[in-house]
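The structure is shown first.

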Amino acid sequence: MLNIPRDKKIILFDGVCNLCDSAVQMIIKHDAKDVFRFVALQSDLGQKIIQHLGIDAQKIDSIILYQPGFAYYYKSEAALEIAKNLGGIFYFASLFSILPTSFNNYIYDYIAKNRYKWYGKKETCLIPTKELQGKFLE
């Protein structure tokens, strides 16, 4: 498909959302095993990945975790899978997976719907520092 690393898990995130930006920064900080790479949903690559997965870009208001050649997760399933991969204290968040996905997605959708109102929005996508550029795909 695309020239993306097949041995990394790709997180597609809303590049103009302050909450999403904070979440990405937290994931980078705690990604001790260097598992994740990041792509803004608004970027050309983000749009190509969404198209490749067959997701309607007009209906996506969520984080997506893509494991090339294996699977993809979105909404609460993506968040719980990311937490599980981070390990440590974040692993306990994966305990929410015992709850019905519909319930977890209801909570996720409520936060997603209000994220700009609560946390604000940027004019442009996050531009990584030189130290972090290797974590972001173009």
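## The buried face of α1

In this predicted model, the buried residues of α1 are Cys 20, Asp 21, Val 24, Ile 27 and Ile 28, where buried means under 20% relative accessible area, exposed over 50% and partly exposed in between, with a 1.4 Å probe and protein chains only. Seen down the helix axis, these buried residues fall within an arc of 125°, so they line one face of α1; the arc is that of the directions from the helix axis to the C-beta atoms. An α-helix has 3.6 residues a turn, so residues three or four places apart point the same way.

The buried residues of α1 pack against β1 (9–13), β2, α3 and α4 (101–119), with contact meaning heavy atoms within 4.5 Å. Helices (H or I, at least four residues) and strands (E, at least two) are DSSP runs, numbered from the N terminus.

## Length of α1

The 13 residues of α1 should span 18 Å at 1.5 Å a residue, and its end C-alpha atoms are 19 Å apart, which agrees; the expected span is 1.5 Å times one less than the number of residues.

## Two loop residues with positive phi

Asp 34, in the loop between α1 (18–30) and β2 (36–40), has a positive phi near 55° although it is not a glycine, and is partly exposed, with a relative accessible area of 27%.

Lys 75, also not a glycine, has a positive phi of about 55°. Lys 75 lies in the loop between β4 (71–74) and α3 (76–86) and is partly exposed, with a relative accessible area of 22%.

## Basis of the values

Residues are numbered from 1 along each chain as its sequence is written, and side-chain values use heavy atoms, leaving out hydrogens and water. Because the model is predicted, local features need pLDDT of at least 70 and side-chain atom pairs count only at pLDDT 80 or more, whereas totals for chains, interfaces and linings use all residues.
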